[in-house]
Amino acid sequence: SAKLDMENRMSTDVAIVFSEIFQNGVSSAPRILGTVLAGQTTKLGIGIIGGIGADQKVILQAKGSSGNVVWQKTWTGEEFVKLKDVGWKIVVSPETGS
C-alpha cells in the first residue's frame with residue numbers, strides 16, 4: 001500500500017476523506033485518512049492502495065472544521081495509480097479542486 005503525501009495550500013486545516021466508487025456503482029464508506037494543517041505537507045499514516053481497479057473511481061475530499069467540503073478531486077483507478085510516479089503527492093488548493 002502507499003501513503004499519500006498531502007500538501008495543504010488552504011488557509012484552514014483540513015481532514016482528508018477517501019472513498020471509492022466500484023465498477024458496479026457501489027460506493028465505499030468514506031474513510032478519514034488524517035488531518036493536514038494549513039500550509040503544511042503531511043504524509044498520511046494510512047495506506048490506501050490495496051487493489052484499485054482501473055475501472056473504479058477514487059474520490060478525495062478535504063473538509064474544513066465545520067465539516068464542509070473545501071476541496072474535492074476524482075480520479076479513475078488508472079489515473080490514481082499513476083500518482084506513484086510523483087511519490088503519491090497531492091496538492092490541496094483552490095486551484096486543484098474540481
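Start with the largest nonpolar core: of its 21 residues, select L4, I16, L60, F80 and I90, which touch the most other members. A nonpolar core here is a set of buried Ala, Val, Leu, Ile, Met, Phe, Trp, Tyr and Cys residues joined through side-chain atoms within 4.5 Å. Now color β2 (14–21), β3 (31–36), β5 (57–63), β6 (69–76) and β7, the elements that give two or more residues to this core. Strands are DSSP runs of E, at least two residues long, numbered from the N terminus.

Before moving on, a word on the model. It is predicted, so local features need pLDDT of at least 70 and side-chain atom pairs count only at pLDDT 80 or more, while totals for chains, interfaces and linings use all residues. Residues are numbered from 1 along each chain as its sequence is written, and side-chain values use heavy atoms, with hydrogens and water left out.

Next, zoom in on I16. Leaving aside residues up to four places away in sequence, I16 touches M6, R31, I32, L33, G34, V36, L44, L60, Q61, A62 and V92; contact means heavy atoms within 4.5 Å.

Go on to the aromatic rings, and select W75, F80 and W88, which ring pairs link into a cluster. Rings of Phe, Tyr and Trp (its six-membered ring) pair if their centres lie within 6.5 Å; planes under 30 degrees apart count as stacked, over 60 as edge-to-face and the rest as tilted. The structure holds two such pairs. W75 and F80 are edge-to-face, at 5.3 Å centre to centre with 70° between the planes. F80 and W88 form a tilted pair, because their planes meet at 45°, with the ring centres 6.0 Å apart.

Buried means under 20% relative accessible area, exposed over 50% and partly exposed in between (1.4 Å probe, protein chains only).

Now select N8, in strand β1 (residues 5–8). N8 is buried, with a relative accessible area of 1%. Look for its side chain reaching the backbone oxygen of L37 at 3.4 Å. Among the residues that N8 touches, beyond those up to four places away in sequence, are D13, V36, Q40 and V92.

Finish at P94, in the segment after β7 (89–92). P94 is exposed, at 59% relative accessibility. Select M10 too: P94 and M10 are 84 residues apart in sequence, and 7.1 Å apart in space, C-alpha to C-alpha.

Methods
Helix = DSSP H or I, 4+ residues; strand = E, 2+ residues; numbered from the N terminus. Polar contact = N/O pair within 3.5 Å; in protein donor to acceptor, adjacent residues only side chain to side chain.
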